[in-house]
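Let's take a walk through a protein model together. Have the structure open beside you and look up each residue as we reach it.

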Amino acid sequence: QVQLVESGGGLVQAGGSLRLSCVASGNIRVINAMGWYRRGPGNQRDLVASITIGGRTNYTDSVKGRFTISRDNAKNTVYLQMNSLMPEDTSVYYCNADIRSSYYTRNYWGLGTQVTVSS
């Protein structure tokens, strides 16, 4: 069993900051890519940022220069530092990870954490 649990969401005024965390637990041998997604207008999950096991990062254009993704491999944790938040950043944010357990590699999702930015 592998679980991803997000925390750090909440309500913040425009221009403010939040830091999301996601901890992976369970039968984990290796965590490959990790990422943050958010719910889009069509209820799809859109990539916000991702980070490889080696630390290479990728961001969607709308958050470049404002958001920073990082990970602590010793703690099986990925973070998303969100600065200069805008109302259009309001969404449910989901953690995602490719995890190799004792038996197989699978893609996992957290349950999501709400981020609300007021104008």
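This is a predicted model: local features need pLDDT of at least 70, side-chain atom pairs count only at pLDDT 80 or more; totals for chains, interfaces and linings use all residues.

## The disulfide

A disulfide is a pair of cysteine sulfur atoms within 2.5 Å.

The partners are C22 and C95, with 2.1 Å from S to S. C22 belongs to strand β3 (residues 18-26) and C95 to strand β9, so this pair ties together parts that are 73 residues apart in sequence. Which hand does the disulfide of C22 and C95 have? The torsion about its S-S bond is about -80 degrees, so it is left-handed. And is C22 buried or exposed? C22 counts as buried because its relative accessibility is 0%, and C95 is buried too, at 0% relative accessibility.

## The nonpolar core

Next, have a look at the largest nonpolar core, which has 29 residues. Those with the most contacts inside this core are W36, L80, M82, Y93 and I99. Which strands supply at least two residues each? They are β1 (2-7), β3, β4, β5 (45-51), β7 (67-72), β8 (77-82), β9 and β11.

Setting aside residues up to four places away in sequence, Y93 touches a whole list of others, including L20, W36, V48, F67, L80, M82 and V115. The list for Y93 also includes E6, R38 and T113.

## An aromatic cluster with an arginine

Now for some rings. Searching the whole structure gives two aromatic pairs. In one of them, the ring centres of Y37 and W109 are 4.9 Å apart and the planes are at 70 degrees; planes over 60 degrees apart count as edge-to-face, so that is what this pair is. Y37 sits in strand β4 (residues 30-39) and W109 in strand β10 (residues 105-109), so you're looking at a link between distant parts of the chain, 72 residues apart.

Y94 and W109 make an aromatic pair as well, again edge-to-face, with 6.4 Å from centre to centre and 90 degrees between the planes. Because Y94 lies in strand β9 (residues 91-100) and W109 in strand β10, this pair ties together parts that are 15 residues apart in sequence. Put together, Y37, Y94 and W109 form one aromatic cluster. How accessible are its members? Y94 is buried, at 5% relative accessibility, while W109 is partly exposed, at 35%.

Which residue lies over the face of Y94? That's R45, at 3.8 Å from the ring centre. The charged end of R45 also sits over the ring of W109, 4.6 Å from its centre.

## Two threonines in strands

T113 is part of strand β11 (residues 113-118). With a relative accessible area of 10%, T113 falls under the 20% limit, so it counts as buried. The side chain of T113 reaches the backbone nitrogen of G9 at 3.3 Å.

Beyond residues up to four places away in sequence, T57 touches S50, I51 and I69. From T57 to T77 you go 20 residues along the sequence, and 15 Å in space, C-alpha to C-alpha.

One last stop: backbone angles. Most residues other than glycine have a negative phi. With that in mind, what is phi for N43? It is near 70 degrees, a positive value in a residue that isn't glycine. You'll find N43 in the loop between β4 and β5. At 55% relative accessibility, N43 counts as exposed.

N76 also has a positive phi, of about 55 degrees, although it's not a glycine. Where does N76 lie? Look in the loop between β7 and β8. N76 is partly exposed, with a relative accessible area of 24%.

How values were computed
Residues are numbered from 1 along each chain as its sequence is written. Side-chain values use heavy atoms; hydrogens and water are left out. Helices (H or I, at least four residues) and strands (E, at least two) are DSSP runs, numbered from the N terminus. Buried means under 20% relative accessible area, exposed over 50%, partly exposed in between (1.4 Å probe, protein chains only). A polar contact is a pair of N or O atoms within 3.5 Å; within protein, one must be able to donate a hydrogen and the other to accept it, and residues adjacent in sequence count only if both atoms are side-chain atoms. Rings of Phe, Tyr and Trp (its six-membered ring) pair if their centres lie within 6.5 Å; planes under 30 degrees apart count as stacked, over 60 as edge-to-face and the rest as tilted. A charge sits over a ring if NZ of Lys or CZ of Arg is within 6 Å of the ring centre and within 35 degrees of the ring normal. A nonpolar core is a set of buried Ala, Val, Leu, Ile, Met, Phe, Trp, Tyr and Cys residues joined through side-chain atoms within 4.5 Å. Contact means heavy atoms within 4.5 Å.
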